Every structure is written in structure tokens, then in C-alpha cells.
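Student: I would like to learn how to read the features of a model like this one. Where do we begin?

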Amino acid sequence: MRRRDRLRLAIVPDKPNRPWYIVVAMIMVAAIFGAVGFGFGQHLAGEEAERAQAAIGVVMKNAERRISATQESAAIREREFAIIEEASRRMRDDNQELLATMSSLEDRVIFYKRMVSPRATTNDLGVEFFELLPSSDASKVRYRLLVTRNSTSGSVAQGAVTAKLVSGSRTVSLPLEAPRFQFRYYQQFTGEWTVPAGFNPERVDIRVSAGKLSTERRYKWEVKGS
């Protein structure tokens, strides 16, 4: 037999040398694609940020509107409460005044009966009644004073009323809004007195003078309804 020569085949990959400009072009293309991708990503991120910012702005505006509406509603309610409180205070004052007036109606009826009685022939001055009522100001009190003159002659009496606040050995003059009087039968005095700070009243001395006639009454310091 013939010896056949065996052929050995080897596959060698073809690696031709590429020109430099092709390599550079490929690098540039890759760089361009990378830049475009990065820019597109940045664009998408910017759009997302803008949408998020717009959503936050809408939420903030809605919150501001709600806060403004809540503040306005609270202000309206505060004004309503203030009006109701003021009306309640005035109603309490009116009720106290009404109760005080009703409590003195009987005394006034007796007074009017005595004024028209035939026995009222003297020419004496007198303090028919005196009362103290609370005021809206805690440092003040309201007073009511009725001065009478038992006379059937119909002549006019002219004089003045003075008042003093007494606490132990201390006395303080209390001014009347219209201390002078001129009447035939009676006159009522009303107003407010301010209690001096640190002064604890015990009584009020009322003095009425008209010419040679004068009278003085002492009343315990007692504020009705307090």
C-alpha cells in the first residue's frame, strides 16, 4: 500500500489591518450615540422634574386656598362669637337693672302714696332710696339716688347733693354727674362711681342741702347682684 501523505489544514482567522480612519469613525459614532443617549435621558429627567414641580405647585395652591378659606371662616366665627358675647353681656346688665327696678317698685309705690298724702305737710328734705348696681367695668359701680321734699306748697327747692365713700378712718369724695338740683317734690340722680384702687369701701354717706334745710343718710356699701 502506498503511504498517503496526510494534509493538515489549519483555519486561521483573517485579521486584516483596518485603516486608522475607520477606527476613529467608529469611536466618534459611539461617542455621538452616547451623547445623544445621555441628552435624551437628561431631557426625560427634566420633563419629569417639571411635571413634579407643576404638581407640587398645584398642591401648594390648593393648600393655600384651603388655609385662606379656613382663616376667613375662623375670623367670621370669631366676630360672631364677639357679637354674641357682647349681646349676652348687655342682656345680663339689662336683666340686673330690670331686677333692681322691680325690687324697688314697691318702695316707689309707697313713696308716691306718701307724697300725695295729706300728712305730707312738712318742708323736710329726705333721701327716699339709694342703691348700687354693678357696671360693665369692674372698677366702677352705678348708683341711683332719689331725693324728695315733703311739701304741699309747690315751692321750688334748690340745693346740692354730696357723697363720701368711707373705709375706716379714710374718706373719699364721690362726684355726682349733676350734684345741683332744683325741684318741687323729688329728683332722681344716676351715674357711675370709680372705686379708688386699694380702697375697700364700707359705707356711703349721702348729704342733701337746700338753704337752711339739710339731711344726711348713711348706707352700707352693698352692690346688688354682685
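Tutor: We begin with aromatic pairs. Rings of Phe, Tyr and Trp, the last taken by its six-membered ring, pair if their centres lie within 6.5 Å; planes under 30 degrees apart count as stacked, over 60 as edge-to-face and the rest as tilted. Keep in mind that this is a predicted model.

Student: How many aromatic pairs does that rule give here?

Tutor: The count comes to four. One of them is Phe-130 with Trp-193, a tilted pair at 6.0 Å centre to centre with 35° between the planes. Phe-130 belongs to strand S1 (residues 125-134) and Trp-193 to strand S6 (residues 186-194), so this pair ties together parts that are 63 residues apart in sequence.

Student: Are Phe-130 and Trp-193 buried or exposed?

Tutor: Phe-130 and Trp-193 are both buried. Trp-193 also pairs with Tyr-143: the ring centres are 4.2 Å apart and the planes are at 20°, so that pair is stacked. Tyr-143 sits in strand S2 (residues 140-149) and Trp-193 in S6, so here the parts tied together are 50 residues apart in sequence. Tyr-143 is buried, as is Trp-193.

Student: Which residues do the ring pairs link into a cluster?

Tutor: The cluster consists of Phe-130, Tyr-143, Trp-193 and Tyr-219.

Student: Now the sheets. What is the general idea?

Tutor: Strands of a sheet pair through backbone hydrogen bonds, either parallel or antiparallel. In this model, three strands form an open sheet in the order S1-S2-S6, with antiparallel pairing. S1 and S6 stand at the edges with a single partner strand each, so one side of each has no neighbour in the sheet. From one strand to the next, the twist averages 20°.

Student: How many bridges join S2 and S6?

Tutor: S2 and S6 pair over nine bridges, in the antiparallel sense. Within that pairing, Leu-145 has Phe-189 of S6 as its bridge partner.

Student: Which strands are joined to S3 by bridges?

Tutor: Strand S3 has antiparallel bridges to S4, S5 and S7. Seven bridges join S3 to S7 (residues 203-210), and there Lys-164 is partnered by Asp-205. Five join S3 to S4 (residues 170-174), where Ser-167 stands opposite Arg-170. Four join S3 to S5 (residues 180-183), with Phe-181 as the bridge partner of Gly-159.

Student: What is there to see in the hairpin of S3 and S4?

Tutor: The hairpin has two residues between the strands, and Gly-168 takes a positive phi near 65°.

Student: How many residues of S3 are buried?

Tutor: S3 (residues 157-167) is mostly covered, with eight of its 11 residues buried. As a general point, side chains in a regular strand alternate between the two faces of the sheet.

Student: Which residues touch the most other members of the largest nonpolar core?

Tutor: That core has 25 residues, and the ones touching the most other members are Phe-130, Leu-145, Val-161, Trp-193, Val-204 and Ile-206. S1, S2, S3, S5, S6 and S7 each supply at least two residues of the core. To follow one member, take Ile-206: leaving out residues up to four places away in sequence, its contacts include Val-127, Phe-130, Leu-145, Val-161, Trp-193, Thr-215 and Tyr-219.

Student: Thr-215 is on that list. Where does Thr-215 lie?

Tutor: Thr-215 is in strand S8 (residues 213-220). Buried means under 20% relative accessible area. Thr-215 has 19% relative accessibility, so it counts as buried. Setting aside neighbours within four places in sequence, Thr-215 is in contact with Leu-125, Gly-126, Ile-206, Arg-207 and Val-208.

Student: How should I describe the chain as a whole?

Tutor: The secondary structure of the protein chain comes to two helices and eight strands, in the sequence pattern α-α-β-β-β-β-β-β-β-β. Of its 226 residues, 23% count as buried. Among contacts between residues at least 6 apart in sequence, 63% join residues at least 24 apart.

Student: Where is confidence lowest, and where highest?

Tutor: Confidence in the protein chain is lowest in helix H2 (residues 105-115), with a mean of 61, and highest in S7, at 92. The average pLDDT of the chain is 76, and 67% of the residues score at least 70.

Definitions and conventions: Residues numbered from 1 in each chain as written. Predicted model: local features only at pLDDT ≥ 70, side-chain atom pairs only at ≥ 80, totals over all residues. Heavy atoms only, no water. Buried < 20%, exposed > 50% of the residue type's maximum accessible area, 1.4 Å probe, protein only. Pairing = 2+ DSSP bridges. Core = buried A, V, L, I, M, F, W, Y, C linked by side-chain atoms within 4.5 Å. Contact = heavy atoms within 4.5 Å. pLDDT = per-residue confidence, 0-100. Axes fitted to C-alpha atoms, helices over the stretch in contact; angles between N-to-C directions.
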